[in-house]
Amino acid sequence: QVQLVESGGGLVQAGGSLRLSCAASGGAFGGYAMGWFRQAPGKEREFVAAIRGFYGSKEYADFVGGRFTISRDNSKTTVFLQMNSLRPEDTALYYCAATGAWPMSRRGVSINYWGQGTQVTVSS
């Protein structure tokens with residue numbers, strides 16, 4: 001059983017930056033693809049970014065537009081999401097996800113583990 005704990009969310013002004021972290025425990029971290037999803041109030045959950053386990057391949061949602069960078073530190077079993085040039089529309093609850101499949105389903109299907117989420121609020 002893998003546990004995922006997100007941190008790093010908060011309130012930031014438009015144009016600012018945040019770095020989200022997701023610490024994993026209880027499983028073979030390197031074998032999982034890790035990703036981030038988000039869900040804003042009244043909207044469906046959407047895919048943000050994913051990174052493969054051993055090969056480090058990355059995928060991003062189109063709306064990221066080069067503003068976000070996903071990375072992982074397998075030695076620390078942690079995945080990061082560096083978010084720059086934040087916009088009010090980036091306000092959402094951000095979830096960490098782990099799956100044994102690649103590419104990661106952008107609909108969130110076949111995700112093995114989810115974190116509890118960390119809130120990101122971007123003020124205009």
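Arg106 has 41% relative accessibility and counts as partly exposed, a label for values between buried (under 20% relative accessible area) and exposed (over 50%), found with a 1.4 Å probe on protein chains only. Its salt-bridge partner is Glu59, with 3.6 Å from N to O; a salt bridge here is a side-chain nitrogen of Lys or Arg within 4 Å of a carboxyl oxygen of Asp or Glu. The pair links distant parts of the chain, with Glu59 in strand 6 (residues 58-60) and Arg106 in the loop between strand 9 and strand 10 (113-114), 47 residues apart. Strands are DSSP runs (E, at least two residues), numbered from the N terminus. Glu59 is partly exposed too, at 23% relative accessible area.

A word on the source: this is a predicted model, where local features need pLDDT of at least 70 and side-chain atom pairs count only at pLDDT 80 or more, while totals for chains, interfaces and linings use all residues. Residues are numbered from 1 along each chain as its sequence is written, and side-chain values use heavy atoms, with hydrogens and water left out.

Now let us turn to Asp90. This residue is buried, with a relative accessible area of 1%, and forms salt bridges with Arg38 and with Arg67. Arg38 is buried at 6% relative accessibility, and Arg67 is buried as well. Asp90 sits in the loop between strand 8 and strand 9 and Arg38 in strand 4, so their contact ties together parts that are 52 residues apart in sequence. The bridge from Asp90 to Arg67 reaches the loop between strand 6 and strand 7, 23 residues away. Through shared partners, Arg38, Glu46, Arg67 and Asp90 belong to one network of salt bridges. The count of salt bridges is four, including these:

| Salt bridge | N to O distance |
|---|---|
| Asp90 and Arg38 | 2.9 Å |
| Asp90 and Arg67 | 2.7 Å |
| Glu59 and Arg106 | 3.6 Å |

Next comes the nonpolar core, meaning buried Ala, Val, Leu, Ile, Met, Phe, Trp, Tyr and Cys residues joined through side-chain atoms within 4.5 Å. The largest one has 37 residues, and Leu4, Met34, Trp36, Leu81, Met83 and Tyr94 have the most contacts inside it. Among the strands that each supply at least two residues of this core are strand 3 (18-25), strand 4 (33-39) and strand 8 (78-83).

Finally, the sheet. Four strands form an open sheet in the order 1-3-8-7, with antiparallel pairing; pairing requires at least two DSSP bridges between two strands. Strand 3 and strand 8 are joined by six bridges, and Arg19 stands opposite Gln82 in strand 8.
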